[in-house]
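Hello,

As promised, here is the structure for you to look at. My notes on it follow below.

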Amino acid sequence: MNSLVILNSVIDEIGSALLFFVNILKTLMRRPCSRDELFQQIWKVTMQSLVTTGLAGFFVGAIMAVQFTLQMREFGALGYLGGLATSATVREVGPLLIAFMLAGKVGAFTSAELGTMRVTEQLDAIRCLGADPLQEIILPRFLAIICASFFLLGLGLVMSIGGGILLGGLLAQVSVEEYLRHIPAIVTLSSIANGLVKCFIFAVILATVCTYKGYTTTGGAKGVGLAVVNTAVSTMVGIVVADWLTSFIADVAIRAFVGSPF
Amino acid sequence: MIQFEKVVKRFGPRTILKELTLHVPAGEILFILGTSGTGKSVLLKTLVGLLRPDEGEIWIDGQEVSKFSEIEYLGIRKKCGMVFQQPALFDSLTVFENVAFGLRRHYRLPEAEIVSRVHSSLAAVHLPDASEKMPGEISYGMQKRVSLARTLALRPQVLLFDEPTTGLDPITTASVNLLIEELSRQFSTTSIVVSHDMTCALSIADRIIMLDQGRIVEEGSPDHMKRSQVPLVKEFLAEVVT
Amino acid sequence: MALSVLELKNVTVRFNQVGAKGTSTDQEILKDLSLTIVKGERVAIVGPSGLGKSTLLKTLAGLIRPTVGTLWVEGQNFYNLSSSQQQRLLVKMGMLFQRNALFDSMKNGENVRFPLKETTHKSAIEIEAIVDQFLAAVGLLHAKDLYPDEISGGMQKRLGIARAMALEPEILFYDDPTAGLDPITSRKIIELMINLQKQKQSTLVVVTNDMNRAFQVADRIFFVFKKDILSTGSPEETRKCADPRVQQFIHGRPEGPLTEVSA
């Protein structure tokens with residue numbers, strides 16, 4: 001009985017989040033937000049996460065290099081180290097990492113900010129002053145998170161190649177040229193597309209969840225706290241599920257069109 | 001000017017407004033008093049469409065608005081300016097931009113007109129010099145004044161106040177109260193003040209309504225209220241500062 | 001001569017405020033003030049917002065250390081004591097914060113039970129009896145198994161009072177216990193506080209900016225104006241006090257010597 005109630009409320013919550021997402025899209029079609037506000041938000045989101053994403057990217061590259069070195073030394077295929085490590089990062093680890101980073105920083109920040117605006121009646125005040133909070137407040141933040149996640153993905157990948165080169169050099173004595181040589185061959189267009197699509201999907205999930213949670217906050221300061229925690233948890237779960245789904249769908253699609261996963 | 005006809009509002013199983021009927025003629029200062037949680041704020045929010053009633057009709061200036069869409073409501077919100085309980089200023093904007101916010105959204109006005117309206121609104125709340133400050137730099141009492149100026153800049157026909165003096169010290173209370181009267185008369189607005197301060201109500205209201213559990217239990221002029229035998233009214237009267 | 005439980009001697013409190021441009025300025029909140037509170041009395045601290053009422057309360061409660069001057073608790077210089085001696089005195093004090101500071105994740109009963117479990121060595125059965133006794137005293141026994149956010153604001157205040165009182169502190173501090181509540185609920189809450197105080201013979205220090213509540217609760221009233229403090233005596237004496245600032249505040253007149261500060 002109890003678990004049914006919980007399941008029911010979870011489905012309720014997902015449903016209203018989807019409706020909220022549709023509303024944002026409608027607002028985007030009808031009344032786009034001001035460009036200044038959007039650029040300001042993109043700048044803010046990017047700057048907020050620049051250092052952490054860069055650092056994390058660097059260490060992910062380093063970790064990948066270590067892992068692949070251990071495997072590939074067996075086969076004497078160390079020349080492919082750079083290509084494989086980078087491919088794995090682009091396709092899978094990079095987008096996932098960026099999304100988690102953003103969920104922790106920007107997601108939490110955005111839902112806290114919007115939640116505070118909700119409980120101090122600022123959002124009501126905006127409606128009373130003749131503006132649409134979806135258009136003026138939500139939309140720029142929503143779009144900014146999506147745009148910024150691409151910038152951050154780019155940065156994270158560059159840093160991860162840096163980390164890979166460093167560790168590849170230290171651990172496996174793979175030179176910089178050696179490391180970079182096979183990257184163009186192994187990192188195909190399809191794997192870059194794969195990474196970009198994932199990054200986009202994760203960013204949409206994050207942006208929807210954190211604006212939705214912030215916008216629907218109730219109950220004072222502790223409501224804001226709750227919204228922040230819920231944002232973090234829901235986005236992480238959502239992202240992991242979406243990751244599995246996209247990998248699965250991509251796999252099926254590739255099988256259908258190409259015949260076998262390369 | 002404003003009519004509520006048998007308005008019912010429910011939140012889940014709880015009924016907040018119970019077939020509330022209320023008429024407010026143009027130019028009146030009406031105080032709605034009651035204990036916490038009797039639906040006073042809900043009443044104001046249903047009026048400007050932040051909440052929608054479950055049953056009944058709301059008439060504003062000859063239009064039945066309760067089924068209006070969000071877009072249609074924009075016109076109503078130009079007419080009905082709401083002053084929130086908390087100042088609800090936008091932290092990232094200067095006082096000037098806070099006051100100009102509604103003007104920029106509701107009307108297409110030349111910048112010079114906006115500037116002059118903002119300055120006249122700030123002057124009306126006795127804050128002529130605060131326009132370049134940030135909300136965080138001024139006292140709470142001043143923030144409340146700015147939020148009043150923000151609503152006033154739209155030149156509304158109706159002013160709605162949600163507990164304007166709750167939590168303020170007696171002196172700030174008195175000055176905010178005085179400001180409400182001054183502005184209502186000066187701009188000849190219809191004003192509805194939701195409050196639990198009988199002292200304020202007696203000193204500036206044309207009419208007072210006592211709300212209990214979503215129903216009107218007593219209404220009349222301040223003089224009528226002073227003589228009322230309704231127990232809740234008598235309890236509120238015991239708090240009056242003389 | 002009644003026993004003084006709390007005493008401030010020549011206390012000055014300064015806060016180091018970091019300004020918008022990274023500049024730090026010392027802001028003086030209280031300046032060279034002294035006051036004595038005797039055992040079993042009920043004191044109200046009133047005054048315009050933002051002029052140091054809460055700071056004074058927290059200084060009295062040993063939460064803010066004065067920049068200059070001394071705090072004496074039960075005749076001992078508080079900040080000269082070892083931390084274990086300080087702890088022994090602090091246990092005798094209870095504080096109800098402005099925003100209740102209830103534990104949201106605990107049921108109402110647990111909110112009262114928790115500090116008892118932490119600070120006393122009573123058995124579970126004894127503690128349960130105390131919890132029930134104090135919840136009944138504030139009329140919340142029926143809400144024992146609800147959570148704080150499932151009860152109204154007035155009930156939360158009462159729960160906060162029950163939690164503060166359950167430890168049977170000898171000195172109780174209340175920071176604006178009726179803020180934002182309607183006058184009917186406020187009056188009931190003050191009645192409740194006085195009843196419990198009389199039963200336990202404790203000392204009560206209440207901060208408020210509502211004169212009705214101050215008159216209702218206090219034996220003695222203190223006004224906090226800009227940095228300094230004025231003892232105006234009993235409610236009767238306060239009503240007759242000749243100081244124009246006090247008169248302006250009591251009658252809530254918009255014009256007067258305090259107008260500029262509270263603007």
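The crossing of H2(A) and H3(A) is right-handed; a crossing is called right-handed if the near helix is turned clockwise from the far one by less than a right angle, and left-handed if anticlockwise. The two axes are 8 Å apart and the packing angle is about 150 degrees, H3 of chain A being residues 81–119. That makes H2(A) roughly antiparallel to H3(A). By class, the contact holds 18 nonpolar, seven polar and three charged residues.

Before the rest, the conventions. This is a predicted model, in which local features need pLDDT of at least 70 and side-chain atom pairs count only at pLDDT 80 or more, while totals for chains, interfaces and linings use all residues. Residues are numbered from 1 along each chain as its sequence is written, chains are lettered from A and ligands numbered from 1 in the order in which they are written, and side-chain values use heavy atoms, with hydrogens and water left out.

The terms are these. Helices (H or I, at least four residues) and strands (E, at least two) are DSSP runs, numbered from the N terminus. Axes are lines fitted to C-alpha atoms, for helices over the stretch in contact, and angles run from 0 to 180 degrees between N-to-C directions. Angles under 35 degrees count as roughly parallel, over 145 as roughly antiparallel, 65 to 115 as roughly perpendicular, and the rest as oblique. For residue classes, Ala, Val, Leu, Ile, Met, Phe, Trp, Tyr, Cys and Pro are nonpolar, Asp, Glu, Lys and Arg are charged, and the others, Gly among them, are polar.

Chain A

Chain A has nine helices and zero strands. Its C-alpha atoms fill a box of roughly 70 × 45 × 35 Å along the principal axes. H2(A), residues 35–75, also meets H5(A), residues 133–172: their axes come within 4 Å and cross at roughly 30 degrees. H2(A) and H5(A) are therefore roughly parallel to each other. The contact between H2(A) and H5(A) has 22 nonpolar, 14 polar and four charged residues. H2(A) passes H5(A) in a right-handed crossing.

Chain B

In chain B, helix H3 (residues 95–106) packs on helix H4 (residues 111–124) at an angle of about 120 degrees, with 9 Å between the axes. That makes H3(B) oblique to H4(B). Here too the crossing of H3(B) and H4(B) is right-handed. On the H3(B) side the contact (heavy atoms within 4.5 Å) involves B:Val95, B:Phe96, B:Val99, B:Ala100, B:Leu103 and B:Arg104, and among their partners in H4(B) are B:Ile114, B:Val115, B:Arg117 and B:Val118. By class, the contact of H3(B) with H4(B) has nine nonpolar, two polar and three charged residues.

B:Arg117 also forms a salt bridge with B:Glu113, the closest N and O atoms being 3.4 Å apart; the rule asks for a side-chain nitrogen of Lys or Arg within 4 Å of a carboxyl oxygen of Asp or Glu. Both residues, B:Arg117 and B:Glu113, lie in H4 of chain B, four residues apart, about one turn of the helix.

Two backbone values in chain B may be worth a look. Most residues other than glycine have a negative phi. B:Lys6, however, has a positive phi near 45 degrees, and its place is in strand E1 (residues 2–11). B:Ser188 has a positive phi near 35 degrees; B:Ser188 is found in the loop between helix H6 (170–186) and strand E8 (190–195).

Chain C and its interface with chain B

C:Ile229 is found in strand E10 (residues 229–233) of chain C. C:Ile229 and C:Gly47 are 182 residues apart in sequence but 9.4 Å apart in space, C-alpha to C-alpha. Leaving aside neighbours within four places in sequence, C:Ile229 is in contact with C:Leu33, C:Leu35, C:Leu56, C:Phe222, C:Phe223 and C:Val224.

Between the chains, 22 residues of chain C are in contact with 23 residues of chain B. The buried area is about 1,900 Å², with carbon and sulfur atoms giving 57%; buried area is the accessible area (1.4 Å probe) that two parts lose on being put together, summed over both. Two salt bridges are found across this interface. C:Arg187 forms a salt bridge with B:Glu239, with the closest N and O atoms 2.9 Å apart. Over all chains the structure holds 38 salt bridges.

Regards
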